[in-house]
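Have a look at the model first, then read on.

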Amino acid sequence: MNASGTMRSCSSAIGKCGAALLLILLSAGAVANASSRSTSSTGTGTGTGTGTGTGTGTGTGTESDANNPDNQYSGDIPAYLEQAAQAGIEHRYAGPWEYFVGGGVSSFDCNGDRLPELYFAGGNEPAALFINNSKLAGELAFSASKAETLNIKGVLGSYPIDINNDGFLDLVVLRVGSNQIFQGGEDCSFKPANASWGFDGGNAWTTAFSATFEAGHHFPTLAFGNYVDRTAPGSPWGTCHDNELHRPSGSISASKTPGSNSNSNSNSNSNSNSNSNSNSNSNSNKDDIQHPDYSNKQNLSPGYCALSMLFTDWNKSGTDALRITNDRHYYRDGEEQLWRLNSGSYPRLYGRADGWDSLVIWGMGIAETDLNADGYPEYALTSMGDTKLQVLDLQQAIDENRPAYEDMAWSRQATAHRPYTGDDIKPSTGWHAQFEDVNNDARLDLFIAKGNVENMQDFASFDPDNLLMGGADGVFSEQGDIAGIALDTRGRGANVIDLNADGLLDIVVVNRDTNVSVFRHTGMQHQDTTRAGGNWLKLELQQAGANRHAVGARLSIKTGNVVQSRRVQVGGGHSSGMAGFIHVGLGVAERATVRVQWPDGQWSAPYKLFANRHVILKRDQDHALQWFADETR
Amino acid sequence: MKTTRVHQTGNLLVAVQAALLLALSHGVSSAADSVSWPEQRSPWSEHALPTLPGGDSYTGRLDAESLQRFLEHGEQLFDARFTVLDGAGRPMATQAIIPTKRKRAPRSEFSRTAGLDANACSSCHNVPFIGGAGDFSANVFVSEGFVHSDFDTTDPQFSNERNTNHLFGAGLIELLAREMSRDLVQLRSTALKLAKKTGAPVKQSLHSKQVNFGSLLAMPDGTIDTRKVQGVDQDLVVRPFSHKGVMTSLRQFTVNALNHHHGMQATERFGPRWTGDADFDGDGYTREISDSDVSALVAWQAALAPPTRFQPTDTRWTQAATTGEALFAQIGCDSCHRPYLPLESLDFHDPGPLDAAGTLRENEADSTIYALSLLPWAQLLTRNAEGHYRIPLFGDLKRHVISDQQVASLGNELLSQRFVERNVFMTTELWGVAATAPYGHRGDMTTLSQVIDAHGGQARNSRDAWDALDNEQRSSIIAFLKTLDISPP
């Protein structure tokens, strides 16, 4: 864990930060209301925490943000330093109208050192892969990959996933024009795989992607979300392109595909400790199924100009549905969508009769989480103006299997509808969204990348990214300014990910027309320096055979009476994917009991894990492996 | 000897507390505020929390005078019978080490089972004098405190009943554990580097101070397999405190105990930083125990003189003890009850290097060094050839299986604790054993012979050897153990 005591850049300006926050508090807007509500819920005594000023440690206190008495948030606030250039990353996302959207980054390890590389979309400029050379818990360091296979133009975003189950992450690249799948190999080598895997990249303007392993399939099902059909008459208005579903041809029995999601009713949260023994079967089957075949494509029609999509188990059924957020700017009579994936047959849209209410927004990004670990996910949907935070109506869901959602963004103060600092009070434009725990307090926070589309006068011009810190009362509190991420950039895609294996989540944001932002997490702000935050765990799942990285698996992390939930997914955000360790903040718990519900629904035995380490959980092994970053690099 | 009986509280205290809560309904008070204006304290004040001597900064390396003042404050805290005016009580929080809310306040806050079960630290730690062990009547009922936290039964399915340990030499114990943890982590690091360099797995034996902790397997890709690690947690942190060996530091234990036994919540764990609530336990008081108060308690415990060897004037006892000590080694007792472990430094840094979030850590506060070498008892420590202090703890700071099918009485608990199985316990340090009866982790054995007879599991061979000795030989071992005494200050 970083304990370097590094001075953060904002700390010297914390008075300014505090003044800015005070202005917001005094404004009549929702953010001010959020703060005042937070005040009443957190009670009194959240002062400077200077203690008695005499004894050991008394000069330091243990309460948050001692330098800023105006800030009612009592938890730790990260100190982020923007270090893209210092880390060796010079890259921008640019281009004409087609590249007003998109601008993704994906993070994944492709050279076996378990540190995430970064692949940036470039728009009409070449995309680029940067190799992570960062030192353990040290300064970030990247170098452009010498292999240029991935340096193609027309890229809007990308998602890593091991498609052919060879243990190497492949890369699905979304483009204006033909999408491209790259087969990953040793030492960050990639080769085009469209032809060999029967994948027709099409010629659409592709802006969204998600993947899942359906029951009975050895390879993943791929969904592509397309934006405006530029060739249609009247384009762009009301001419949204259909979306696409690429299911692997053929199927084998579910017993031979333990890695795929079960289509059985596995929502019972079974306490069974028995693990499937069928991985060995899939190994023996491996030679029979060397390559996927995606020659069969299904159009998902109608399309409403998707900007993000995510396979999600909304009803805890064990079978994913496909959720799509759509941009109302171009569709006519459209709405948000949820596709039911009946096993093998043509997907069907949920409609009014199913309980799916119309929601019309400028949908830009999807972030899924499970705030109360009940197995029913919540979704943050970014838009222009209000961000939505949808929670399932459990009564309708359980009694009638109806996907009826209510919005709780207002009550949780997560609307993030206009800039929280600066003078611009026009509505915000939200893009990538991601729930993570950036201060390791065991409460999920919400990051939203923000940025004007392109000189849209009705929307905020200065539109900083959000860092909504989750509070003990479930209410979010905006701390982006104090955290040091409120830059005057136009964010798009992003990743919240630990780049240097210190358990602290860094933030990577792709900005339109300017260099990317790489915010290094230097610790938690405290007076003029930083200190360590809460405890944490990072978990990597592995299984043999199909679906090596356990896409669709669910993790249950128990500390005391608190249960947190995480799910391994491919998709969502805004044109930005990630693969690798799953991060969990543990607060003051130094131990956690972790159970895995593998993609076929089988629960693992509990793993008893100690905090502040990287752990690898392999299916059918009742013991965990610890991983340590190379100290000598 | 000061002995406080918890039964003295009762309904009156609850009534007073309820009245105070009503009086405070217009706001919450800060216990820390109370100690900021000591002049407002009347001689008959019902506050118990002492005031830290002002004017000095208790950071950095304390000189003898500052250390002494700090220790005095620590002792006052240790002996303070906390009152509701100090923030005692936790009507809306459980005893759990992770801040945990109750669903509803208990009908009676004091309870000999779930707690609050003591008014002062010294209520239980008082045999043979303050800082010491506890009688059976001072047993504590250890529960994780997450579910069934208000258990009102001694049924072992709800808690593990534990006898109070003495704290003499606790600072030295923690220093030993820190050095051992450092050694183990260094071995892990070395193995990982070698595995990476050679591209082959490396089986690394884990040992520190000649105590073996099994082995680990380091792989070239940076992963390690800890299945063969023995007697220490997977993170290789030697946790030397509690019968179970699950507490990392005096600081961690102190914060736990203040909440559990007294409802005095330390800001460093129960404050708004972690809980979002300045008055987490809902008793109307905020900042009940400051970082500095915890530090003073840690300092005082760390500075307690280690137990000593009693030199009998009766030559028969001396001779018997000499024989007994030899037999003690001969039958293998000293394989776990190591007579000495070497310690490199007597500098006790607070906060320590091994604590996790929720217990003050090194980069969260200015470090203070309590140089134990400044204390008179330090002059009595001998050194080995390497110049390391020989700490005569008669322990190995390692956990062992202590019961088996035939000899099971020390495996009498139903609940595991903090990932440690029910029949596994830390080797009890035998220094001071002559002065700290009763014995066994439940304190339900009145003689040393009984507890020796109860050793099973990994101690079975030694126990059988003890059993095979004749009466005189066994008596000589008892004679030896009875020299492991605690001297009055």
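B:Cys336 is buried (under 20% relative accessible area, with over 50% called exposed and anything in between partly exposed, using a 1.4 Å probe and protein chains only), its own relative accessible area being 15%. This is a predicted model, where local features need pLDDT of at least 70 and side-chain atom pairs count only at pLDDT 80 or more, while totals for chains, interfaces and linings use all residues. Residues are numbered from 1 along each chain as its sequence is written, chains are lettered from A and ligands numbered from 1 in the order in which they are written, and side-chain values use heavy atoms, with hydrogens and water left out.

B:Cys336 is in no disulfide (a pair of cysteine sulfur atoms within 2.5 Å), as the nearest cysteine sulfur, that of B:Cys333, sits 9.1 Å away. B:Cys121 is in no disulfide either, with the sulfur of B:Cys124 the nearest at 9.1 Å. B:Cys121 is also buried, at 16% relative accessibility.

| Disulfide | Sulfur distance | S-S torsion | Hand |
|---|---|---|---|
| A:Cys110 and A:Cys188 | 2.0 Å | about 90° | right-handed |
| A:Cys240 and A:Cys305 | 2.0 Å | about -105° | left-handed |

The pair A:Cys240 and A:Cys305 links distant parts of chain A, 65 residues apart. A:Cys240 is in the loop between β11 (221-226) and β12 (243-246), while A:Cys305 is in the loop between β13 and β14. Strands are DSSP runs of E, at least two residues, and helices are runs of H or I, at least four, numbered from the N terminus. Both ends are buried: A:Cys240 at 16% relative accessibility, A:Cys305 at 0%.

Most residues other than glycine have a negative phi, and most peptide bonds are trans. Phi of A:Cys188, though, is near 60°. This cysteine lies in the loop between β8 (180-184) and β9 (190-192) of chain A, and is buried at 5%. A:Lys316 also has a positive phi, about 60°; it lies in the loop between β14 and β15 (321-326) of chain A and is buried at 12% relative accessibility.

Which residues does a cis peptide bond join in chain A? They are A:Ser301 and A:Pro302, with omega about 10°. In chain B, a cis bond joins B:Ala437 and B:Pro438, with omega about 5°. B:Pro438 lies in the loop between β16 (424-426) and α10 (448-453).
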